[in-house]
Amino acid sequence: MKMIVGLGNPGSQYAKTKHNIGFMAVDALAKRYDAAIAKQEFNALTGTAWVAGEKVLLVKPQTFMNDSGRAVGQLKAFYQFQQDEILIIQDDMDMAMGRLRLRQKGSAGGHNGIKSIINVLGTQDFYRAKIGIQHPQKQKVVDWVLTPFSPTDQVEIMNGLDKLQLAADDWIHGLAFSALMNKYN
């Protein structure tokens, strides 16, 4: 069994914003795997997919970004996930728009959702898929991450989400995460 968690903020006002790329990714995976993200459990919306005989829990925490760890920790404990069975999808301002980068571990890098997960899990050792949202040029960071993508940026984001879905497929099918990094980074 695997758990894929997309980070974001609940509520329609945040639905298409840059900070919600994790939610967008989980929605894309749910569509790909014909799964409904409709179950409310442990401060999250979840859905279950079966992919190549592997049960996959798709998760959208409903605690707001800064408290994402609460939902991740509760789901990890309840379903007894191992660290290497969890993939967190996040936005990254230090990467080009739509670029995908996979990491096995590391610091939060200023990302409050990742800080929360590190605090709850007690480790920086968990798999991450980062999708670039680029750094703002003349905007405050908070304004930048809470605005929608421009039409031009939307094309790059869709490319990044497509690549993420292929990486998720390979991970679910058993490709080692180090091999995934070599293939997709």
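Leu100 touches Met95, Ala129, Lys130, Ile131, Lys163, Leu164, Ala167, Tyr184 and Asn185, leaving aside residues up to four places away in sequence (contact means heavy atoms within 4.5 Å). This is a predicted model, where local features need pLDDT of at least 70, side-chain atom pairs count only at pLDDT 80 or more, and totals for chains, interfaces and linings use all residues. Residues are numbered from 1 along each chain as its sequence is written, and side-chain values use heavy atoms, with hydrogens and water left out.

**Cores**
- Leu100 is also among the residues with the most contacts inside the largest nonpolar core, which has 38 residues; Ile4, Leu58 and Trp171 are others on that list.
- A nonpolar core here is a set of buried Ala, Val, Leu, Ile, Met, Phe, Trp, Tyr and Cys residues joined through side-chain atoms within 4.5 Å.
- Buried means under 20% relative accessible area, exposed over 50%, and partly exposed in between (1.4 Å probe, protein chains only).
- A second, separate core of 19 residues includes Met3, Ile86, Ile114 and Ile118.

**Helix H1**
- Helix H1 covers residues 21-32; helices (H or I, at least four residues) and strands (E, at least two) are DSSP runs, numbered from the N terminus.
- Nine of its twelve residues are buried, so H1 is largely enclosed by the rest of the structure.
- Phe23, Met24 and Leu29 are among those buried residues.
- The cover over them includes strands S1 (2-6), S5 (86-92) and S7 (127-132), along with S4 and H5.
- Just after H1, Asp34 takes a positive phi of about 55 degrees.

**Loops with positive phi**
- Phe42 isn't a glycine, yet its phi is positive at about 50 degrees; you'll find Phe42 in the loop between strands S2 (39-41) and S3 (44-51).
- Ala52 sits in the loop between S3 and strand S4 (54-61), and counts as exposed at 61% relative accessibility.

**Pockets**
- A pocket is an open set of points on a 1 Å grid over the protein atoms alone, where a 1.4 Å probe fits, with protein on both sides within 12 Å along at least five of seven lines; lining residues have an atom within 4 Å of a point.
- Of the 23 residues lining the largest pocket, His19, Asp91, Gly110, His111 and Asn112 are the closest to its centre.
- S5, helix H3 (112-121) and helix H4 (141-145) each supply at least two residues of that lining.
- The second largest pocket has 18 lining residues, with Ala15, Lys16, Phe23, Met24 and Asp27 nearest its centre.
- H5 gives the largest share of this second lining, five residues.

How values were computed
Expected span 1.5 Å × (residues − 1).
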